[in-house]
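Please take a moment with the sequence and the model shown here before reading on.

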Amino acid sequence: MATAAEQIPELPHSPPAGLRPLLTDPSFSRLWRAMLVSSLGDWVGFVAVTALVARLGGGAAKGGLAVAAVMLARLLPSVLFGPFAGVFADRLDRRRVMIIADISRGVLYASMPFMPGLWAIFLLSFVIECLSLLWTPAKDASIPNLVPRRQLANANSIGLITTYGTLPLGGAIYTLLAGVAAAIGTRVAYFHHSPEFLALWLDAATFGFSAYMVWGLNLRRNAVSRVRAANVPKLNLRSAFDEAKEGYRFLREQPLVRAMTIGVVMAFAGVGAVISLGPIFARYSVNAGSTGFGYLIIAFGLGMGAGMGLMGFASRRVEKEKLFYVSMLGAAGCLFLLAAMPSIALAALFTVPMGVGVGLTWVTGYTMLQENVADEYRGRTFATLTISARMTLFLALVAFPAMAAVIGTHIVHVGGRTLDFSGTRDAMWLGGVVVVAAGFLSRAGLKRLRLARPRPLALVGRFHHEARPGVFITFEGVEGSGKGTQVQMAAAYVRSLGRDVVVTREPGGTGFGDRLRDTILNPATGTVDPRAEALLFAAARAQLVTAVIRPALSEGKVVLCDRFVDSSLAYQGAGRGLGEQDVSALNDWATQGLLPDLVVLLHVEPEEGLSRAGSDPDRIESEDISFHARVSDAYLHIAEENPERVSVVDGTGPPVEVHQRVQAALLRVLRRDAEGRTEPTS
Ligand code: TYD
């Protein structure tokens, strides 16, 4: 398996979140091309299969029944196997799951034109849907492994627009292909009877393309999930069942995940109401004839696309939690208005902002889930979301029109005006009520969560960058990452450039610090309360900053320090679970806001580092592998969030090679520093 180290050289200098860097990112653009082509193919295939069964069914009534049956065949897998789909996405190699699902779906679609009868098509549709049930959660759960956290919102916008935006194009392509197939049919008798074959083959080819794209992906999984995955028993029926149960327990116990899921699922009910009532509403409530519904769908699609596209912009201005329920309530408000409109033009006018609200809700929900759900639960979380959303949609598709029919027509005359309170409008209003309820439910859930949750890491804002003559460079990394050697080599190099260098290390570097170091690291010390540990590291650090680092910096020297605040963030914050917020606040005080000009993060995977470390482990080295995995992930996370401060250097290979890479990072800050010095005189 490729290591994260291969992916991260790009990280430190990556620009802030934007669509361009995302679409040109080699990994994400591969997945994106896979999604683009296969969703397009999927829509073409969807229309083709519908047309195929309608034709095979024969007659208007029977054809309609056949279409309903094929829809049912597509829905059934979610109901039957939904809970297990996520387990596969979490426990098996996601890349392999996607490839196998793609190739199998391709083969099934390609064979569809040769099937003897309707039942065979129902069966194939059922199996295809089972495979999609594996593919989608695996894809959703992989996105956080492909893009940095700050790009998640953009990645979701692009993903959802790609999946749903290709629908109209798919319809157009089908029409075109059916025409071409009919022309071929005049020559080849067999195809004369099945004009859908070209569209189905195209769909099959798109799945082949998608498999090829996914093949080239490198889904780096983080150290914690790798370690967990290595420790759990093999997947079998019993363990799959337990895992599914555990996924549900996770969902129940996580307030954020619960709130988001309920919100998204109920928003789907609202969408279901609009889709199912739309045609009746357009035709009978606003008398817009047979084309009216088309206008509503176009308006909705435009709005939804805009909403998804707006996400990046909006989330920079409004907190995501707020954005989520505000856009949901906004969409509900528009639904109320739209249902009350007397003409199709006015109704379409309100359908656009409703689409914007739905699009925003959707992307925000996805992004928040990806940001907050750990890798090992992500597949199940997304599977649950997808399945519940589908089932709700299906229920809504049936329930709302039924209700409209039961209520029937009610025209009220007030004064000289006619007011229409017929079933269609009432049912749409009820759909709005459902969405409003969902909005308030999510709001309450998220509010409770906010009170309990510490604020995220925001070191850049917290530690101000002070003007000082020297340069402060720290070296960080897991056990056995080779910091000691690299600090020495870096010192020799910086001296060769003619600068005064001070080398120091943490904990230690002062008489007081060295005494503390002995106490902290000696295995004989035994178990120490995490807070006590964090305070001791901070105490040693405070002394070092005052006695050694600040004086050297004020004399214009280059200070190289083996470990600093980021060690505490990774080891005590993440490893011991104290949280980044508290640890960074404590260290802000201890160092009086001193922040390095450059952090060189020597990245090696924790398993490899530990195998390099000596035979005599100290108190912290002897922690178990999952502790070190948390530390390693925390370091990468810090690097990802602070690209301007942290330079990630691949720590594998001979020390001289690693030193070459370190030199490049050093040169950048030293050059910047030298430019700063010459500026006032020139
Ligand atoms: P280090 O000097 O790297 O030890 P060694 O020379 O044996 O590699 O670091 C000492 C240990 O202290 C290391 O396991 C990490 C830990 N540590 C923390 O947990 N928090 C901190 O803030 C610091 C500075 C170190």
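A residue is near a molecule if one of its heavy atoms lies within 4 Å of it. In this predicted model, there are 15 residues around the ligand, and those that come nearest are Glu479, Arg541, Arg563, Ser568 and Gln572. By class, the shell around the ligand holds eight charged, three polar and four nonpolar residues. Helices α20 (511-521), α21 (530-554) and α22 (565-575) each supply at least two residues of this shell, and the largest share, four residues, comes from α22.

Turning to the chain as a whole, its secondary structure comes to 26 helices and seven strands, and buried residues make up 52% of its 682 residues. Among contacts in the chain with a separation of 6 or more, 82% are between residues 24 or more positions apart. The accessible surface of the chain comes to about 29,900 Å², with 64% of it belonging to carbon and sulfur atoms.

The structure also holds 16 salt bridges, one of which joins Arg619 to Glu533, with the closest N and O atoms 2.8 Å apart. This pair links distant parts of the chain, since Arg619 lies in the loop between α24 (606-612) and α25 (625-641) while Glu533 lies in helix α21, 86 residues apart. Arg619 counts as buried because its relative accessibility is 9%, and Glu533, at 1%, counts as buried too. Arg619 and Glu533 are also linked with Arg576 and Glu623 in a network of salt bridges.

A further salt bridge is formed by Arg645 and Asp566, whose closest N and O atoms are 3.1 Å apart. Arg645 lies in the loop between α25 and β7 (646-650) and Asp566 in helix α22, so this pair ties together parts that are 79 residues apart in sequence. Arg645 is buried at 6% relative accessibility, and Asp566 is buried with a relative accessible area of 3%.

Conventions:
Residues numbered from 1 in each chain as written. Predicted model: local features only at pLDDT ≥ 70, side-chain atom pairs only at ≥ 80, totals over all residues. Heavy atoms only, no water. Nonpolar A, V, L, I, M, F, W, Y, C, P; charged D, E, K, R; others polar. Buried < 20%, exposed > 50% of the residue type's maximum accessible area, 1.4 Å probe, protein only. Contact = heavy atoms within 4.5 Å. Areas by Shrake-Rupley, 256 points an atom, 1.4 Å probe, with all protein chains shown as cover. Salt bridge = Lys/Arg side-chain N within 4 Å of Asp/Glu carboxyl O.
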